[in-house]
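Thank you for making the time this morning.

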Amino acid sequence: MLLRNSNKVLNIWYIYRMPLRDTITTHLRDLSLMAFPNNCLVCKQSLTSAEQDICFACIDSLPQTGYHTVADNPVAQHFWGRLPFIHAAAYLYVHDGNITQDMIHLLKYKRKHHVGIKLGRLYGHRLLEAQSLIHDIDLIVPVPLHINRRRQRGYNQCDYFAQGLSEVMGMPYDPDVIVRIRENISQTKRTRYDRWENVEGIFALAQPEKVKSKHILLVDDVITTGATIESCASALMTGDDVRVSVATIATAGR
Ligand SMILES: [Zn+2]
């Protein structure tokens, strides 16, 4: 009798062990989240066990440009007549007080590296879409900070965006192929030609063998005039048979 009951218990355990184990794991995770509050980095609402760092509502509300599928988009137009980019795009619109500005602030000044990685992963999925004009990339290169700025901040925010892109797109990123020799660009009231002269020599290609015959995806946080990216890309293009596309987290708009 005792043996039969034991077997029945074992059978019931066997039948239900998988769902029970999963349910217990889920409950434990939810309990641990209650004990150690885990909130969205952006809106501060509690995250569910399925969410990480940033809640689904915030992700859904990101103001995407769709520029990766538009050949003559405003970011690409920045470079017309300047440098022969393959394609240039920005993931999100940024303006005063919008979610993109909040996220970039967290990434740049609050050491929230996960925001950069998350944005990189999200954009990586967009860039893998069939209609994306950014494809056949060999290497991802973040625009570097000058050594003084990097020491001051402790990190380069673009590295994390590059890391997220790299994870999803399944290709390497390398923050060391380019170095920034000068810190700032002064270009007030300059003509386009003067400005081009002015941005020359800010960056230098440190490891030409790593970019030889490659299609580089150059990534930055926000594109404003495009002068910084243009300067960095021109340094990359001093390498042998280098092609460059550009992807930034954001551009001004909407
Ligand atoms: Zn949120």
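Predicted model: local features only at pLDDT ≥ 70, side-chain atom pairs only at ≥ 80, totals over all residues.

Where they meet, helix 4 contributes Met103, Leu106 and Leu107, while helix 5 contributes Val115, Gly116 and Leu119.

Staying with helix 4, which spans residues 99-109, which of its residues are buried? They are Thr100, Met103, Ile104 and Leu107, and because they cover an arc of only 95 degrees around the axis, they sit on the same side of helix 4. In general, an α-helix has 3.6 residues a turn, so residues three or four places apart point the same way. On the other side of helix 4, His105 and Tyr109 are exposed. The buried residues of helix 4 pack against strand 1, strand 5 and strand 6, and also against helix 5 and helix 7. After helix 4 comes Arg111, with a positive phi near 60 degrees.

Now to the wider architecture. The protein has 10 helices and six strands, and buried residues make up 34% of its 254 residues. Of the contacts with a separation of 6 or more, 72% are between residues 24 or more positions apart.

Four of the strands form an open sheet with the order 1-6-5-2 and parallel pairing. Its edges are strand 1, residues 88-94, and strand 2, residues 139-142, each of which pairs on one side only, and the twist averages 20 degrees from one strand to the next. Although strand 1 is an edge strand, it is mostly covered, with six of its seven residues buried. Helix 10, residues 227-236, lies across strand 2, strand 5 and strand 6, and runs at about 160 degrees to strand 5.

What about the interior? The largest nonpolar core has 56 residues, and those with the most contacts inside it are Ile140, Val141, Ile216, Leu218, Val219, Cys232 and Leu236. To take Val219 as an example, and leaving aside its neighbours within four places in sequence, its contacts are Ile140, Pro142, Val143, Cys158, Phe161, Ala162, Leu165, Ala247 and Thr248.

I will finish with two backbone details. Most residues other than glycine have a negative phi, whereas Asp241, which is not a glycine, has a positive value near 55 degrees. Asp241 is placed in the loop between helix 10 and strand 6, and because it has 10 C-beta neighbours inside 10 Å, Asp241 counts as exposed. Arg254, also not a glycine, has a positive phi of about 35 degrees and lies in the segment after strand 6. Is Arg254 buried or exposed? With 11 C-beta neighbours inside 10 Å, Arg254 counts as exposed.

Note on methods. Residues numbered from 1 in each chain as written. Pairing = 2+ DSSP bridges. Helix = DSSP H or I, 4+ residues; strand = E, 2+ residues; numbered from the N terminus. Axes fitted to C-alpha atoms, helices over the stretch in contact; angles between N-to-C directions. Contact = placed C-beta atoms within 7 Å. Buried ≥ 20, exposed ≤ 12 C-beta atoms within 10 Å, placed from the backbone. Arc of directions from axis to C-beta. Core = buried A, V, L, I, M, F, W, Y, C linked by C-beta atoms within 7 Å.
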